Amino acid sequence: MTNNENATQTTAQAAARTLAPAPTPAPRLNFAKAAPKAFKAVIGLDAAARDGLDPALVELIQIRASLLNGCAYCLHMHTSDARKAGEDEARLHMVGVWREARNFFTEKEQAALDLTEAVTLVHRGGIPDDVYARAAAHFDETELGHVLALIFTINTWNRIALSTAKVAGEDER
């Protein structure tokens with residue numbers, strides 16, 4: 001086979017792969033059934049984290065982390081929950097680009113979104129002091145503890161959903 005034939009075949013194979021439907025993921029375990037104590041512990045942390053926080057803020061944090069982590073299952077769940085709670089559709093569309101659409105979010109929400117990004121992407125250099133200070137200026141110590149716990153929790157849920165191949169749109173709550 002010549003190099004030209006090889007290139008043509010490779011291009012055709014690549015085109016076929018891009019046009020083919022995505023393969024169905026192999027069955028994965030049901031985390032809730034396989035590790036019920038751990039699952040219940042995450043549910044407990046989630047409930048404790050939300051305590052005292054504005055429900056709209058909770059959903060914004062969960063949506064932003066789910067976008068950053070590429071978790072379609074959690075993103076679908078939390079955008080649906082936000083809509084049911086009366087969240088404005090325009091704001092939901094702007095969460096992914098909140099820095100360019102600051103006028104859609106309060107200073108407090110912006111501080112929470114910034115902290116969510118820093119914690120979710122902690123591997124990119126930790127939590128910058130200015131990001132933490134901005135959040136601390138908008139939340140009292142208890143609220144800030146709850147915001148952090150919520151960020152930890154949604155990152156855990158994202159990893160559970162991604163690891164177990166949860167399908168977006170199939171809310172199992």
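Reader: Which helix does Leu-144 lie in?
Author: Happy to start there: Leu-144 lies in helix 9. Helices here are DSSP runs of H or I with at least four residues, strands are runs of E with at least two, and both are numbered from the N terminus. Please keep in mind that this is a predicted model, where local features need pLDDT of at least 70, side-chain atom pairs count only at pLDDT 80 or more, and totals for chains, interfaces and linings use all residues. Residues are numbered from 1 along each chain as its sequence is written, and side-chain values use heavy atoms, with hydrogens and water left out.

Reader: How do you know whether Leu-144 counts as buried or exposed?
Author: Buried means under 20% relative accessible area, exposed means over 50%, and partly exposed is in between (1.4 Å probe, protein chains only). Leu-144 has 5% relative accessibility, so it counts as buried.

Reader: What is Leu-144 in contact with, beyond its neighbours within four places in sequence?
Author: Contact means heavy atoms within 4.5 Å. By that rule Leu-144 is in contact with Leu-115, Tyr-132, Ala-135, Ala-136 and Phe-139.

Reader: What makes the buried residues of helix 3 sit on the same side?
Author: Those buried residues are Val-42, Asp-46 and Ala-49.

Reader: How do you know what helix 3 should span, and what do its end C-alpha atoms show?
Author: The expected span is 1.5 Å times one less than the number of residues. For the 15 residues of helix 3 (residues 36–50) this gives 21 Å, and the end C-alpha atoms are 21 Å apart, which agrees. Just after helix 3, Gly-52 takes a positive phi of about 85°.

Reader: Which word describes how helix 5 and helix 9 lie to each other, and why?
Author: The axes of helix 5 (residues 72–84) and helix 9 (residues 141–163) come within 8 Å and cross at roughly 125°. Axes are lines fitted to C-alpha atoms over the stretch in contact, and angles run from 0 to 180 degrees between N-to-C directions. Under 35 degrees is roughly parallel, over 145 roughly antiparallel, 65 to 115 roughly perpendicular, and the rest oblique. Helix 5 and helix 9 are therefore oblique to each other. Tyr-73, Cys-74 and His-78 of helix 5 make the contact with Ile-154, Trp-157, Asn-158 and Ala-161 of helix 9.

Reader: Is Leu-67 buried, exposed or partly exposed, and why?
Author: Leu-67 lies in helix 4. Its relative accessibility is 34%, so Leu-67 counts as partly exposed. Not counting residues up to four places away in sequence, Leu-67 touches Leu-75, Val-95 and Gly-96. The C-alpha atoms of Leu-67 and Val-95 are separated by 8.8 Å.

Reader: And what makes Ala-165 partly exposed?
Author: Ala-165 has a relative accessible area of 22%, and therefore counts as partly exposed. Ala-165 is in the segment after helix 9, and its phi is near 55°, a positive value in a residue other than glycine.

Reader: How many helices and strands does the chain have?
Author: The chain has 9 helices and 0 strands. Buried residues make up 35% of its 173 residues.
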